[in-house]
Amino acid sequence: MIAKKKWLLPALCFAFFQTANGQTKDAAYMEKHRPQIHFSPRKGWMNDPNGMVFLNGKYHLFYQHNPDSTVWGPMHWGHAVSTDLVHWEELPIALYPDALGTIFSGSAVIDKNNTAGFGVNAMVAIYTSHSHAMEKDGFEKVETQSIAYSLDEGITWIKYKGNPVLPNPGIRDFRDPKISWYEPTKKWIMTLATMDHITFYSSPDLKNWTEESKFGKNIGAHDGVWECPDIFPLQHDGKHVWVLIVNISPGGPNGGSATQYFTGDFDGHVFTPNDTETKWIDYGPDDYAGITWSNTGDRKIFIGWMSNWAYANIVPTVNWRSANTVARELAIEKAGDKYLVSSAPVKEIDALKATSYDAKNVKAKNINITAKAGKLNGAAIMKLAADELMEFNITLSNNAGEKVVLGYDKTANQYFIDRSQSGKVDFAKSFGNKIVVPRLSANKNTDITLVIDVASVEVFADKGLSVLTAIFFPTSDYTDITISSKDGFVIKTLNLSHLTSAL
């Protein structure tokens, strides 16, 4: 999901190279650690995905962006579009800081009924205006909610003259509005992160907002500030199950940033949870600020920022920092009496498959998969299924002796990623810690999907109930995959598909 630029500023001169397979690449995307199937900005800093909305065959991705530095700074909304959630075209910056402040996280919707009066099918963005000037002077009410609209599918934007549409009630953390249309009441619903809980607001026109209720004061993880919420229904056995996503930093299950969720019911006024258990969309340290696209019908597509505030500003990249996860489709699975959210890479990623290797009844005592399937040369997807889950290790490695080991610990009943010997790890104390996720499925059999890029791995186990995402920084790209098992793990089916670059 590499950014492709069709517009070039006159002062810039970009170099292009031809790869061994004849593909032409912008030199920027041949940089060390540059992802090949994940979106990353050509230059500068990126964090939270924002304003994701689908319109006329295009998926719009806006994102927190500092174009002038590779560390967090004055926030703009960067902009990229895709027709397939895989190949991305980077467009000019959408929203710039103004007198109300810099442009923090938010969302976008298509106003099909012209409720705001900007025009039928206007694309309307709602975002947090953050005043650094007020913050510097010691004021608390530094964050308010503002809107802007576009009548040309997100290319140019007009900020509403009546901003802010939702003033600050007197609290420090008041941000990240996620907007959706609630048909039974014919109103827009805003899900807003307010300190350590969520506040729901409603509006008939995106301009005038009324508080409906609060949620989360005494439920969920509270070791950090709540941020970047989202609420939506998913179908399960003909029933609507509402999912409320709440990102939190710090306080994640493996340290630093993470994305928790709740399931329950929402009536346009109040969210009522099914249970009080804290659940996580992704237990890995490198999936944060994730929310879903709007205007995609029943399909709920999620994407997250593939980093962690514990080290995001100091990871060893040069001209850019951060990428996004692959786009993921969310669904509801039921385990006992609990509703759980499952994740799977979107099916569109299959279009990147080049060569594939298939095997059956693999005795995974100690086998080099790439010796049979060909060395890794960039990105790949590996899928395996087994009738009985047993202890195993999958190792990604290079000739320098660096490696990432992931697998299943039967005694602890958890999947894990160990990146302690993955390459450069000394830039952050916690980076080499072992990463774990409990096995949430009680089934005897298993299925596991690995999405591998040059500097990341995403693990989806048991139909995506247990998910781990981790980035890493080897001195040279990993080329080999080996599988080992002291228990005689037998893989019923195995597929390794090499992927072409998405740039």
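Student: What share of the contacts with a separation of 6 or more comes from residues 24 or more positions apart?
Tutor: In this predicted model, residues 24 or more positions apart account for 61% of the contacts in the chain that have a separation of 6 or more.

Student: And how many helices and strands does the chain have?
Tutor: The chain has two helices and 37 strands. Its radius of gyration is 22 Å, close to the 23 Å that the globule rule gives for 503 residues, so the chain is as compact as a globular protein of that length.

Student: What box do the C-alpha atoms fill?
Tutor: Taken along the principal axes, the box is roughly 65 × 60 × 45 Å.

Student: Switching to pockets, how much space lies in the largest one?
Tutor: The largest pocket holds about 750 Å³ of space, and its lining consists of 32 residues, with S180, W181, N295, G297 and K300 lying nearest its centre.

Student: Which elements give two or more residues to that lining?
Tutor: Those elements are β8 (102-111), β12 (174-182), β13 (187-194), β16 (225-236) and β17 (239-249); the largest share, six residues, comes from β16.

Student: And how do the lining residues divide into nonpolar, polar and charged?
Tutor: The lining of the largest pocket has 15 nonpolar residues, 10 polar ones and seven charged ones.

Notes:
Residues numbered from 1 in each chain as written. Predicted model: local features only at pLDDT ≥ 70, side-chain atom pairs only at ≥ 80, totals over all residues. Heavy atoms only, no water. 1 Å grid on protein atoms, 1.4 Å probe; cavity = no way out; pocket = protein on both sides within 12 Å on 5 of 7 lines; lining within 4 Å. Points joined across faces, edges and corners; volume = space filled by probe spheres on them. Helix = DSSP H or I, 4+ residues; strand = E, 2+ residues; numbered from the N terminus. Nonpolar A, V, L, I, M, F, W, Y, C, P; charged D, E, K, R; others polar. Rg over C-alpha atoms; globule rule 2.2 N^0.38 Å. Contact = heavy atoms within 4.5 Å.
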